[in-house]
4 protein chains.
Amino acid sequence: MKRKIRMGMVGGGPGAFIGEVHRIAARMGGQIELVAGVFGTDPEKSRTFAEELFLCPERGYADYKSMLAGELQLPAEERIDFVCVCTPNHFHFPVSKAFLEAGFHVLCEKPVAMSSAEALLLQELIERSGLLFCLMHNYSGYPMIQQARQAVADGVLGKLRKVNVEYSLGWLAAPNAGKQAVWRVDPKQAGISGCMADIGTHAQHLIEYVTGMSILEVSADLATFVEGRALDDDGSVMLRFADNARGVIFASEVATGEENNFILKIYGDKAALEWRQQSPEELIIRSNDAPMQILRRGWPGTGEAAAKLSRLPAGHPEGFIEAFANIYDAFVEAMRSGKPGDYPGIEEGVAEMRFLEAIVANAKGSEKWTRV
Amino acid sequence: MKRKIRMGMVGGGPGAFIGEVHRIAARMGGQIELVAGVFGTDPEKSRTFAEELFLCPERGYADYKSMLAGELQLPAEERIDFVCVCTPNHFHFPVSKAFLEAGFHVLCEKPVAMSSAEALLLQELIERSGLLFCLMHNYSGYPMIQQARQAVADGVLGKLRKVNVEYSLGWLAAPNAGKQAVWRVDPKQAGISGCMADIGTHAQHLIEYVTGMSILEVSADLATFVEGRALDDDGSVMLRFADNARGVIFASEVATGEENNFILKIYGDKAALEWRQQSPEELIIRSNDAPMQILRRGWPGTGEAAAKLSRLPAGHPEGFIEAFANIYDAFVEAMRSGKPGDYPGIEEGVAEMRFLEAIVANAKGSEKWTRV
Amino acid sequence: MKRKIRMGMVGGGPGAFIGEVHRIAARMGGQIELVAGVFGTDPEKSRTFAEELFLCPERGYADYKSMLAGELQLPAEERIDFVCVCTPNHFHFPVSKAFLEAGFHVLCEKPVAMSSAEALLLQELIERSGLLFCLMHNYSGYPMIQQARQAVADGVLGKLRKVNVEYSLGWLAAPNAGKQAVWRVDPKQAGISGCMADIGTHAQHLIEYVTGMSILEVSADLATFVEGRALDDDGSVMLRFADNARGVIFASEVATGEENNFILKIYGDKAALEWRQQSPEELIIRSNDAPMQILRRGWPGTGEAAAKLSRLPAGHPEGFIEAFANIYDAFVEAMRSGKPGDYPGIEEGVAEMRFLEAIVANAKGSEKWTRV
Amino acid sequence: MKRKIRMGMVGGGPGAFIGEVHRIAARMGGQIELVAGVFGTDPEKSRTFAEELFLCPERGYADYKSMLAGELQLPAEERIDFVCVCTPNHFHFPVSKAFLEAGFHVLCEKPVAMSSAEALLLQELIERSGLLFCLMHNYSGYPMIQQARQAVADGVLGKLRKVNVEYSLGWLAAPNAGKQAVWRVDPKQAGISGCMADIGTHAQHLIEYVTGMSILEVSADLATFVEGRALDDDGSVMLRFADNARGVIFASEVATGEENNFILKIYGDKAALEWRQQSPEELIIRSNDAPMQILRRGWPGTGEAAAKLSRLPAGHPEGFIEAFANIYDAFVEAMRSGKPGDYPGIEEGVAEMRFLEAIVANAKGSEKWTRV
């Protein structure tokens, strides 16, 4: 009899936004059973929270090392199959590394590490071990992002010329933005960048994912608008790709009044596309020769790649959680088949760290362009 | 130790749209475990599908009577806690009745029965037994519908004057609309109405749910546009409420090109609101004295009622499945507490059958108005 | 040398909304010169206002009879070529009649008269005299309404099934809505209907203009929400056309918070269209087989009929005044050529009066349907 | 008796887009009479076109010098009051200079000249002569741009932090974009920049106009995507203002499928605003503390500055031509009163030339930032 995949979590204690998202997303497909976790830094709370989640209380561990030890002592048929790492950034690398070394598959939040050096170490470890590694760039799980990617690959846009990406949130506009904000602007926990690590990497990843092009050079202006912050809470980046293609990223966490306004516009010599995360079911296609088309999830004109990631008929809105769950579904399929599938992995992790290092270096210097 | 609530299903075999929706929605909260079901009319397929869903194969039953018998033979601590009825309409009444009589809570798809007489029988049975009954009017589970209801209750709109509801789909525009369509236009399986039973009842329910007013009189024009159909595939209804309030329902399943375009507009003497199911995160508030406001799920200005049904921060789109899951969550809470909660129940089922009977009678006659 | 067409106005004194619209619209094409007018009921003010408009003060007349007399005394080469009638409704008929009888072309605001009997008298007079008569149904002057009409005529929508028209304003939601409102709810000045005469006729006209179908039967519910009003300030109408086509009009002037929200949706068996007066540059085309298209004024995919009425390149928004001016331009062309052109005329005037009479009769009775 | 203001034109022959816009805009207010012009480079065509416009044929001049001579020979009461310069860029300076030196007021298209040196010469001449000079930055004539400016000035946004402006058109995406395109990418006629001179200056002007802040430093990436073009057809610019404020301009004329997509977003520490030229009647206000507001022209909540520029009630769409006409109206008022009014002038012309020179220099160099 087929059995569910067993998941452990490091991170995602009570009140953590993204941890709960991981749990809901993991549940949606009905293929994953959460069986263990480190739910925060207080051992007692971790245990209690495990019970609330219908786990055996003893599998609510005190820290990731005891979780690793505990799980390894269990018989193989009870032990977790993979761990989900959804801690603040500085734990991504050590936890991923530890579980990979112990033979577990890993699904990790972005950014993958604190430096490209760490990302490369993970890459080597993954390649050596043959284990599966998924980097949670959830936006690539949206059906209409798949549609966008397919449109580019099919040549609908022609030769790509310009990319314009905006990712704006207002949540850090004031000094005190709550618990979720604290670690994101603390260099010890977040790394070399605040805003750009948190959301700039989403922009960079989606650009490269959808266009298939790599960012070669950057020119960046990073800003810190709220006094006393040690890291950037806003940034603009001009981009250069091969073959004269260009781009701009506008990213801000102090964009007062914005919720999660992530907009991707790609212009080619034949046509252009526009996607807005807050209306994720639509992909706008424009050209100079024909009326504007709005492709919608589940509707004729929208292709196979999107259909595969769609659960409901058109007009029955799907959203953020389904996109997230699509990444989980792909990872589950990979774990069942033993073969990596179509989800972001360690290569994307290395790329995002190099991008971050390049823009941080550029923003500090007086040179116009810095190679990634 | 707290245990999950055990669910059985009648309906929702392979390929059924709404059955899969029920399963995903039931999973989201992490409180429900699916343990038994009748997954279609072929016993072998029901068994196989049960296995695919990680159930014991023997709990994939051949029909609802053997499911009832089978579950009653199990020890109480394994037996289902409630049954979800998501069959074609003509089974809603007999299956609900049978499980209620056997002491199980019931969650049933709409419309609740084939006639108001059946609905009244169920009502009596539910009141007598003290069991819980939930009617799946999923649209009332949307956070911004709660916000709309709260705005009306708080007097934001003033005295209500006019309601304008549009529910248009294009899926039945052509004669052959696939398997999901067949039973919906067959009087034996669907009842006295096609389009109005399928979606007109959603419109009627949402109007009464949000405004708190009852429809008193109707004047209807039902149409069948596709030749050979025995039931309406389109209808318009003028509505009268107490205190001179009026309304219109425009419902169509032959509205070519429409996906699931359900729009609710309510006008009072102080302000008005507009909600669109395909952009469910927004509630537009208009008045003659102030700028248009767009209330959004998760954002300041949106109140407690909506917040309770919200899982993600603003800008991380929630959709259809979350609204559906909110009804499940409320029903789970009721089953845990033993007390009915804030979800649609048998009263709404009686009301929807009386509404259907009134419009069908009016549409056939030459009188202008028919009392509901 | 080509000369400008000379226009006179009856109506449109200081502060009158629609009079100023007529003047701006008449100016836009550069073909019309305003030379005379009755600008209100006070002779002195009419004269003063004429001066402000750069006219000879003596051609600011005291009333329409003295204007008629005055113009007839002028040499033909100075005399007005046509008169624009933009008074309250009850003057439309007598003024139009008087000027037609004196041999002038007439452009008249809608509704054309106080009854269909008056409209028929005008019709006879126009036919007998061979003079030109334009009824100002300005919305038909929008390029994308032309596009809609062409799409229907070209069979893009297939056989028409259902029409859903909404025309909602909030300006009469409160008892005191200003000077412009007074005559519109006074039976002596407005006629047998308030809201339906003011905006319901726009809906009826646009439906018949775009679809080419005539409304055959109506079932109406008229309401008066503001106490003390003698006429309807709101109404809903169910419509029947030939060949089983149906429709609904939702019209209200007490739709709190609405500006001038005129929405036209037409569904055929192949495709559907949607147009919104507040975003007049777009025409949405939907079908069950292809992605949604948004046709835009000036862009490929939008045809000849729209292009003819377009002044600016796409993306340079045109609006209400250009649509109005397009009717003027067509009337100017007709006056130059001596042949009636593509603008609404007396037939539309007769149709709108019959429609009004049918709905008012139906709303008072207990019959379901009334023939138009 | 009040007389109309007499206008002459240099530029705007048959087929020229912007010339016709100037004529319609000048007509709208009913205060201006077009009496003379150079309508293209062919004397015969200029004469014929003058006749078509109802002018005396002899005032359809062969070139600007003969127009100047011709008008000066006329008696003062027939002579033009001002000249509108709407030629390709390289004529802006010499024509403006010549008419100013002869004592005429001037309204000139942007950019004002080919260099900041020329702009400074004009500035000196204007100051010395006391004549009036209007630079046609038409977008500042939109009522909701006035509203935006007022909101900033009133402190609604708090301290400004970031500006994000996008101006994208697709019309130059292919090599042959028609007659209107030729001079815009020819350095002899357009100057040192193509795209940035044509639309980048609109972005720069609107930013400075609405925010009241001056751009201090720029870092630019200019691109030429269509082979063989001698000037940029696309550009991105990062901006720095005083007090740590930042910005980005995304401008492109090869943004395939875009019509005239000009979007302005301004973020302050209290609130933010968004305006879109293709929906010019709306101004979106967002904050972290309240629901999104959509201010609309003519509706409560929209203030005096916008009301002054508004002709029609809310919901009766105004557009591009009205904004253009508002600049004309302000200039007419200035000519009547003899005092400069609230319209863009030579200071804005100097600023735009300095901006252009800075970005062109920066784009060629390897320095990160260039002072404007």
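1. Phe82(B) stands opposite His105(B) in β4(B). The model in which this pair is found is a predicted one. The pair belongs to the join between strand β3 (residues 82-85) and strand β4 (residues 105-109) of chain B, which run parallel and are linked by four bridges.

2. Both strands are part of an open sheet in chain B. Its five strands follow the order β2-β1-β3-β4-β5, and the pairing is parallel. At the edges are β2 (32-38) and β5 (133-136) of chain B, each of which pairs on one side only. On average, neighbouring strands of this sheet are turned by 20° against each other, direction ignored.

3. A helix covers this sheet. Helix α11 (residues 320-337) of chain B lies across β1 (5-10), β2, β3, β4 and β5 of chain B. Relative to β5(B), helix α11 of chain B runs at about 180°.

4. Chain A also has an open sheet of five strands, in the order β2-β1-β3-β4-β5, with parallel pairing. Its edges are β2 (32-38) and β5 (133-136) of chain A; each has a single partner strand, so one side of each is left without a neighbour in the sheet. The twist from one strand to the next averages 20°.

5. How many bridges join β4 (residues 105-109) of chain A to β5(A)? There are four, and the two strands run parallel. Within this pairing, Leu107(A) has Cys134(A) of β5(A) as its bridge partner.

6. Next come the helix pairs. Two packed helices are described by the angle between their axes and the distance between the axes. In chain D, helix α4 (residues 92-101) and helix α5 (residues 116-129) pack at an angle of about 15°, and their axes are 10 Å apart. Angles under 35 degrees count as roughly parallel, which makes α4(D) roughly parallel to α5(D). The crossing in which α4(D) passes α5(D) is left-handed.

7. Which residues make this contact in chain D? From α4(D) they are Phe93(D), Ser96(D), Lys97(D), Leu100(D) and Glu101(D). From α5(D) they are Glu118(D), Leu122(D), Leu125(D), Ile126(D) and Ser129(D). Sorted by class, the contact of α4(D) with α5(D) has five nonpolar, two polar and three charged residues.

8. In chain C, helix α5 (residues 116-129) is paired with helix α12 (residues 346-364): their axes come within 8 Å and cross at roughly 170°. Angles over 145 degrees count as roughly antiparallel, and α5(C) is therefore roughly antiparallel to α12(C). The crossing of α5(C) and α12(C) is left-handed.

9. On the α5(C) side of this contact are Ser116(C), Ala119(C), Leu120(C), Leu122(C), Gln123(C) and Ile126(C). They meet Ile346(C), Gly349(C), Val350(C), Met353(C), Arg354(C) and Glu357(C) in α12(C). By class, the contact of α5(C) with α12(C) has seven nonpolar, three polar and two charged residues.

10. The remaining points concern how chains meet. Between chain C and chain D, 30 residues of chain C are in contact with 30 residues of chain D. On the side of chain C that touches chain D, the elements giving two or more residues are α1 (17-28) and α11 (320-337) of chain C. Of these, α1(C) gives the most, with six residues. By class, this side of chain C has 15 nonpolar, seven polar and eight charged residues.

11. Between chain D and chain A, 36 residues of chain D are in contact with 36 residues of chain A. The elements of chain D that give two or more residues to this side are β6 (160-168), β7 (217-223), β8 (234-240), β9 (246-252), β10 (261-268), β11 (271-276) and β12 (282-287). By class, the side of chain D that touches chain A has 12 nonpolar, 12 polar and 12 charged residues.

12. Chain D is superposed on chain A by a rotation of 180° with 0.0 Å of shift along its axis, at an RMSD of 0.0 Å. The C-alpha of chain D nearest the axis is that of Lys368(D), 2.1 Å from it. The copies meet through the same surface, because 100% of the interface residues of chain D are also interface residues in chain A.

Key: Residues numbered from 1 in each chain as written. Chains lettered and ligands numbered in written order. Predicted model: local features only at pLDDT ≥ 70, side-chain atom pairs only at ≥ 80, totals over all residues. Axes fitted to C-alpha atoms, helices over the stretch in contact; angles between N-to-C directions. Parallel < 35°, antiparallel > 145°, perpendicular 65-115°, else oblique. Left-handed = near helix turned anticlockwise from the far one by under 90°. Contact = placed C-beta atoms within 7 Å. Nonpolar A, V, L, I, M, F, W, Y, C, P; charged D, E, K, R; others polar. Pairing = 2+ DSSP bridges. Least-squares fit on C-alpha atoms with pLDDT ≥ 70 in both.
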